[in-house]
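Biologist: I'd like to learn how to read a model like this one. Could we go through it together, one feature at a time?

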Amino acid sequence: MAEFTPRVFSGIQPSGGLTLGNYLGALKRFATMQDQGSWQTIFCMVDLHAITVWQDPATLARATRELCAGFIASGVDPEKSILFNQSQVVEHAQLAWIFNCVARMGWMQRMTQWKDKAGKNQQNASLGLFAYPALMAADILVYHATHVPVGEDQKQHLELTRDIAIKFNNDFGVDFFPETEPVIEGTATRVMSLRDGSKKMSKSDPSDQSRINLSDDADAIAQKLRKARTDPEPLPETVAGLEDRPEARNLVNIYAALADMTVAEVLAEHGGSQFSAFKPALADVAVDRLTPISTEMSRLMQDQAEIDRILARGAERAREIAAPILKKTYEIVGMVGA
Ligand code: AQP
């Protein structure tokens, strides 16, 4: 097995405003990985993924810049990390085409995100939505990324990325693409909807009450948490007591992740409390952690030219890594002139 330079890649879709789920499951961890690991970190606004479902052009452009501001406000430093939007590094789409020819229809049909997002009307879903995981594999493998921090929901796509790498290597008799490791760690790898403890918190959920947006002000955060669905029991004293209580577990997990505590530590402090007491305490922690980020995002959004400069510079740096890997891929496949 070839040795690969440790490299972290991850992306977020500019398909709406950022949620607490994106922050805890992705952005907060990206900043930690950037600062603590001995690897290069590459983060991307995956606009090509966003358009697999309809996006209004002006809204997409704004969401992409806002997402860039969200990355920076959450601690991703565009000097230390490479930060860019996917459409500006053409190698992603070029490698995705090769992977469309490596991946099998049956693999794609098994993807739960495809089934969830296409719903009952698969015939009317875009071809891009179906091929989404092959583009995601290209996003990762065009950098020979070795580690990909994601939330639980992306685990299956990461497994498919490994399958594509293995099949490519086998088909062409090479040891060229790494078998990437998903990094799914912490107490908030799956932040759930505030209205339904069995559903993931999502930026495209039609109900705004289901999520905390990074753009919500202190009043909105407190109001949404106050109205969050719960059961009538007080909080348990032990972690085991959260079993079969999805809404309670979700709120405790959110508290733990925001306050950098373990679930056991949160329960040692709040076990036995009624939700009428716990929810305001959670709101205080959430407001304390999230409002500096939204304030910084608004400040950054006032200078869009600077955001565009950051993205352009990031794309240039990303291409320096991606272009030789794509060239070598083309040579392996037998493309003349590569
Ligand atoms: N609820 C969540 N809990 C933990 N992690 C989450 N992530 C998203 N939601 C949660 C993580 O955020 C990263 C970026 O996700 P994405 O925006 O590319 O797509 P997504 O997972 O489909 O997120 P959304 O909010 O649900 O977007 P829409 O509604 O457009 O589909 C990923 O690492 C993801 O795991």
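Biologist: Let me begin at the ligand: how far does a polar side-chain atom of Lys117 lie from an oxygen atom of the ligand?

Modeller: Please keep in mind that this is a predicted model. For a polar contact, look for a pair of N or O atoms within 3.5 Å. Here the side chain of Lys117 places a polar atom 2.6 Å from a ligand oxygen. Ser204 has a side-chain N or O atom 2.3 Å from an oxygen atom of the ligand.

Biologist: Which residues around the ligand come nearest?

Modeller: There are 22 residues around the ligand, and the nearest are Lys117, Asp153, Ser202, Lys203 and Ser204.

Biologist: Now the helices, please. At what angle do H4 and H8 pack?

Modeller: Angles of 65 to 115 degrees count as roughly perpendicular. Helix H4, residues 91-102, packs against helix H8, residues 155-172, at about 80°, with the axes 10 Å apart. That angle is why H4 is roughly perpendicular to H8. From H4, Ile98, Phe99 and Val102 meet Ile164, Lys167 and Phe168 of H8. The contact of H4 with H8 has 5 nonpolar residues, no polar ones and 1 charged.

Biologist: How do the axes of H7 and H8 cross?

Modeller: Helix H7 spans residues 127-141, and its axis crosses that of H8 at roughly 70°, coming within 9 Å. These two helices are therefore roughly perpendicular to each other. The contact includes Tyr132 and Met136 of H7, with His157 and Ile164 among the H8 residues. Its residues divide into 11 nonpolar, 2 polar and no charged.

Key
Residues numbered from 1 in each chain as written. Heavy atoms only, no water. Axes fitted to C-alpha atoms, helices over the stretch in contact; angles between N-to-C directions. Helix = DSSP H or I, 4+ residues; strand = E, 2+ residues; numbered from the N terminus. Parallel < 35°, antiparallel > 145°, perpendicular 65-115°, else oblique. Contact = heavy atoms within 4.5 Å. Nonpolar A, V, L, I, M, F, W, Y, C, P; charged D, E, K, R; others polar. Near = heavy atom within 4 Å. Polar contact = N/O pair within 3.5 Å; in protein donor to acceptor, adjacent residues only side chain to side chain.
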